[in-house]
Structure formats: structure tokens, C-alpha cells
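Here's a quick walk through one protein model, written for someone who has it open on screen. Take a look at the sequence and the fold before reading on.

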Amino acid sequence: MSGRAVGWTISLGVFIAGAVIALVASRTSEENRRRAADSAQLLRDRAGASAAHLRERTVETANDLRNQWTETALEVRDRWSTTAEEVRARAVDTAEDWRERSSEGIERALRQAAEARDESLASLDDEDEDPAPDAQRDRSED
């Protein structure tokens, strides 16, 4: 509730109280009217002071709340900044780990392919070596 709304509410309350006191005062004796007028004046004075005090307290409370929210927002920002930095660092580490693992996997696959190729070529070399001695035998017989 804003300070103006509180002020208007208090003013309306004072007006209603004053009207009730005036109504009662019009139906009572002179002494009662004087007392009612004094009471109405006292009520107006206190209502004004209360409204001013309430307005001051509202401003103080609003300032306190704003300061608390600002501090909270800064703290949350700092925490999220730290968290974001940690997440980024973990992501970089994870990417490097994956890169190393995939490189190791590729190297292993290349090594296995080379070994398989060598094995298949080795069997071809053996076949090539056998006919050569036969060819030499055939030549030596001639």
C-alpha cells in the first residue's frame, strides 16, 4: 500500500470519526459539545502525526526492502557467475576427455586396421614366395 493510499485512508477515518463526534455533540449538552470538540481536535492532531509517522516508516521500510533485494540480487548474480564458470570449466574438461578418448579410439582402430592389413598382406607374400622357387626350379631344369 502506498503512502498516499495510507494517508487518504487515515484522512477518511478522521473525517468519519469527526462526523460521528459532531453528530453526537449536536445532541448533547454544551459541556459535552466542548469535550467532543476537544476530542475531535485531539483526534485530528494525533491522526496527522500518525499519518506522518506511518509515511516515514513506509519510506524506511521501502528503502530497507530495496536494499535487501539489491543485496540478494547481487549475491545470486555472484553465485550464478561462479556456477557458470564451474560449468564452463567442467564442459571444457569433458570435451578434452572426449577428444582424447576418441583420438585413442581412432588410433586403436587405425592400428587394428594396419595389423589386419599386414596380416592379409603377409598371407599374400607367402603365396608369392612359393611360386618363385618353383619358377627357379623350372629354369634350373632347362
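Which residue forms a salt bridge with R117, and how far apart are the closest N and O atoms? The partner is D118, with 2.9 Å between the closest N and O atoms. Keep in mind that this is a predicted model.

## Overall layout

Let's start with the big picture. The protein chain has 3 helices and 0 strands, so the elements read α-α-α from the N terminus on. Helix 1 covers residues 3–26, helix 2 covers residues 30–129, and helix 3 covers residues 131–141.

The chain exposes about 12,100 Å², and 55% of that comes from carbon and sulfur atoms.

The average pLDDT for the protein chain is 80, and 81% of the residues score at least 70. Confidence is highest in helix 2, at a mean of 85, and lowest in helix 3, at 54. Where pLDDT is low, the predicted coordinates should not be read in detail.

## Salt bridges

The count of salt bridges comes to 5. One of them is the R117 and D118 pair from the opening question. R117 is partly exposed, at 47% relative accessible area, and D118 is partly exposed too, at 40%.

Another pairs R79 with E75, whose side chains meet at 2.7 Å, N to O. How are these two placed along helix 2? They are 4 residues apart in that helix, which means about one helical turn separates them. R79 counts as exposed because its relative accessible area is 56%, over the 50% cut-off. E75, at 40%, is partly exposed.

Then there's D78, which forms a salt bridge with R77; the closest N and O atoms of this pair sit 3.2 Å apart. Both side chains land in the middle class: D78 is partly exposed at 40% relative accessible area, and R77 is partly exposed at 48%.

## Surface patches

Which residues make up the nonpolar surface patch? L12, F15, I16 and V20 do, and together they cover about 420 Å². F15 belongs to helix 1. At 59% relative accessibility, F15 counts as exposed, because the cut-off for that class is over 50%.

Charge gathers on the surface as well. D93, E96, D97, E100, E104 and E107 come together in a patch of negative charge. One of its members, E100, lies in helix 2.

## A contact across the sequence

Last stop: G18, which lies in helix 1. How far is G18 from Q41, in sequence and in space? The two are 23 residues apart in sequence, with 8.8 Å from C-alpha to C-alpha.

Helix 3 is where confidence is lowest, at a mean of 54.

Terms used:
Residues are numbered from 1 along each chain as its sequence is written. Side-chain values use heavy atoms; hydrogens and water are left out. Patches are made of residues with over 30% relative accessible area and no salt bridge: like charges are joined within 9 Å, nonpolar side chains (Val, Leu, Ile, Met, Phe, Trp, Tyr) within 5 Å. Accessible areas come from the Shrake-Rupley method with a 1.4 Å probe; for residues, only the protein chains shown count as cover. A salt bridge is a side-chain nitrogen of Lys or Arg within 4 Å of a carboxyl oxygen of Asp or Glu. Buried means under 20% relative accessible area, exposed over 50%, partly exposed in between (1.4 Å probe, protein chains only). Lys and Arg count as positive and Asp and Glu as negative; His and the chain ends are not counted. The place of a charge is taken as NZ of Lys, CZ of Arg, CG of Asp or CD of Glu. pLDDT is the predictor's confidence in each residue, from 0 to 100.
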